[in-house]
Amino acid sequence: MIRAIAVIVALFCVAPALAQQKLPAGLDPENTLLIDTTQGRIVVKLRNDIAPKHAERIKTLAREKFYDNVPFHRVIAGFMAQTGDGQNGNGTGGSKYPDLQAEFSNVPYKRGIVGMARKGGNNNSANSQFFIMYADGPALNGQYTVIGEVASGTDVVDKIKKGEPVQNPDKMTKVQVAADAK
């Protein structure tokens, strides 16, 4: 009996520690994206404070499983890895939702920043696609909406197959809002 109680107490003490290991400290589960890829997990802190409409769009699409099994279709070494075309998988598609108005900020594009892709020179054409920076990209500052930053998994981003287009690309196998994670 005492042994059973000790096991139960140990489980209650360990469970919170295990739950905390799932997310880096200080992240809001409602504004954290878990991107499981063929290379591992990337955890993204969404910046709903500077791009609320874009963050909401990303969460909506994740909850609809729009991003599941979507390839990283454009990956340029030393620059960025782009994904999010759940419609065509090749960078030409969007979602069933209308394009978004730009939400530019003063947050600089540096390694680990996540930005919204857009069509050509139209600032207000972001829809579903996004990219993760491999390095600083000052030419993008104020030109593309910053939607988040990698909180963990930059080593995973580094492993994503490169190419334009990528041959046999890595994929986002499952994308979830951390608050909904199963």
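Y67 and F130 are both buried in this predicted model. Their ring centres lie 5.5 Å apart with the planes at 85 degrees, so the contact is edge-to-face. Y67 belongs to the loop between α2 (52-63) and β3 (70-71), whereas F130 is part of strand β7 (residues 130-133), so this pair ties together parts that are 63 residues apart in sequence.

Y67 has a further ring partner in F66: the centres are 5.5 Å apart and the planes stand at 75 degrees, so this pair is also edge-to-face. F66 is buried, as is Y67. Through these ring pairs, F66, Y67 and F130 are linked into a cluster. A search of the whole structure returns 4 aromatic pairs; two of them, including the contact between parts 63 residues apart in sequence, are set out below.

| Ring pair | Centre distance | Angle between planes |
|---|---|---|
| F66 and Y67 | 5.5 Å | 75 degrees |
| Y67 and F130 | 5.5 Å | 85 degrees |

Another contact with a ring involves a charge. The charged end of R118 is placed over the ring of Y144, at 4.0 Å from the ring centre.

Backbone features are also present in the loops. In the loop between α2 and β3 lies N69, a non-glycine residue with a positive phi near 65 degrees. N69 has a relative accessible area of 48% and is therefore partly exposed.

The loop between α3 (154-159) and β9 (171-177) contains P165, which is joined to E164 by a cis peptide bond with omega of about 0 degrees. N168 lies in the loop between α3 and β9 and has a positive phi near 50 degrees, although N168 is not glycine. With a relative accessibility of 61%, N168 counts as exposed.

Key: Residues numbered from 1 in each chain as written. Predicted model: local features only at pLDDT ≥ 70, side-chain atom pairs only at ≥ 80, totals over all residues. Heavy atoms only, no water. Phe/Tyr/Trp six-rings, centres within 6.5 Å; stacked < 30°, edge-to-face > 60°. Buried < 20%, exposed > 50% of the residue type's maximum accessible area, 1.4 Å probe, protein only. Helix = DSSP H or I, 4+ residues; strand = E, 2+ residues; numbered from the N terminus. Lys NZ or Arg CZ within 6 Å of the ring centre and 35° of its normal.
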